[in-house]
Amino acid sequence: MAFYSYIFSANYKRYFYNLQKVAQREDKNLVGMIFDTGYCVFRYGFALSDYLNYKLYNKNKAERKKYLSTRRENKFYEIVSPSEYKQRYTIKPNFLEDFKKYTKRGFFVPQEGNYQEFLEFLDTHEAFMSKPYDGLGGENVKKEYSKDIINKEEYFNNAIQNRIFLEELVIQHPIMNNLCTRSVNTMRIMTFNNYGTPRILWMGLRVGNGVNAIDNFHARGMAVNIDMDTGMLVGNAIDKDLNEYKEHPISHTRFDGFQIPYFEEAKQMVLEASLESDKILVVGWDVAISENGPVIIEGNRRPGFDIVQVLSGGRADIVDEVLADVKKHKQGQK
């Protein structure tokens, strides 16, 4: 029911506007695409954004079945990432505390009675990130400077009211700066804790566009595949609008063949971190490469398949493999 609530609350005006642009560009019949959209929604469970992001208008039946639909994705999370255990991951200060072995940085949560500690945080951090406790997609995440906070008491009270916390900056490795210096560019590494035997399901790198201070796909960033054996970038980067880039538009660093430093250390770190929970089996870890090695920025219990499938084509096979292992485990317990 949640999927259909999402469908019926969608912004259809914006969708039809975007669909019309695609129809003109692809020289397709708009009415036919409208009916095909409805078919994909009710037959396969795709969301409206799926239809455009995955270019389903150019895919036949066999090709569409290779893609994980939003409806099936939601059912998948109910099995491998039950919502009753979500607060450890979705409430970011909780995550930073529980996984401090891997996050390796300080943070501060403004609360009634700790104003003096807030002032001390500002004194010791020239710059920092401010984030909502439970934000998604990089929304309202900002890089801020202590010197710019004129009315400190007002800032402190607004942070409490809006559930904002402050986080120590990650200083990015110089090699990663070659891609984009404006943002910390993070690997998204999806892991599966197969009941004590963890493995990596997929890896990609998110890179900022050089304008925003974050690298999120939904904040106009771009993403590119990572070779899971070598840590080398493969192919072109793609942004949310499906524009492709052989090189970064500002740094002009070529994506294909770019080698990520501390790659093996990053892999081992997320595999170890995935064992910290036997309830949330699938996690999408955001991993930065600092001057001294990998650090985890956050863990996502609903890591999302939009980047995965835009970069790699349909990857419903990932879900099929995980669910087969879950089923095998449950049968073995009987």
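This is a predicted model: local features need pLDDT of at least 70, side-chain atom pairs count only at pLDDT 80 or more; totals for chains, interfaces and linings use all residues.

**A surface patch and some salt bridges**

On the surface, Tyr12, Phe16 and Ile34 form a nonpolar patch whose accessible area together is about 240 Å²; patches are made of residues with over 30% relative accessible area and no salt bridge, with like charges joined within 9 Å and nonpolar side chains (Val, Leu, Ile, Met, Phe, Trp, Tyr) within 5 Å, and areas come from the Shrake-Rupley method with a 1.4 Å probe, only the protein chains shown counting as cover for residues. Residues are numbered from 1 along each chain as its sequence is written, and side-chain values use heavy atoms, leaving out hydrogens and water.

Turning to salt bridges, meaning a side-chain nitrogen of Lys or Arg within 4 Å of a carboxyl oxygen of Asp or Glu, the count comes to 16. One of them joins aspartate 325 to arginine 199, at 2.9 Å from N to O. Because aspartate 325 lies in helix 15 (residues 316-333) and arginine 199 in strand 6 (residues 197-207), the pair ties together parts that are 126 residues apart in sequence; helices (H or I, at least four residues) and strands (E, at least two) are DSSP runs, numbered from the N terminus. Aspartate 325 is buried at 15% relative accessible area, whereas arginine 199 is partly exposed at 26%, where buried means under 20%, exposed over 50%, and partly exposed in between (1.4 Å probe, protein chains only).
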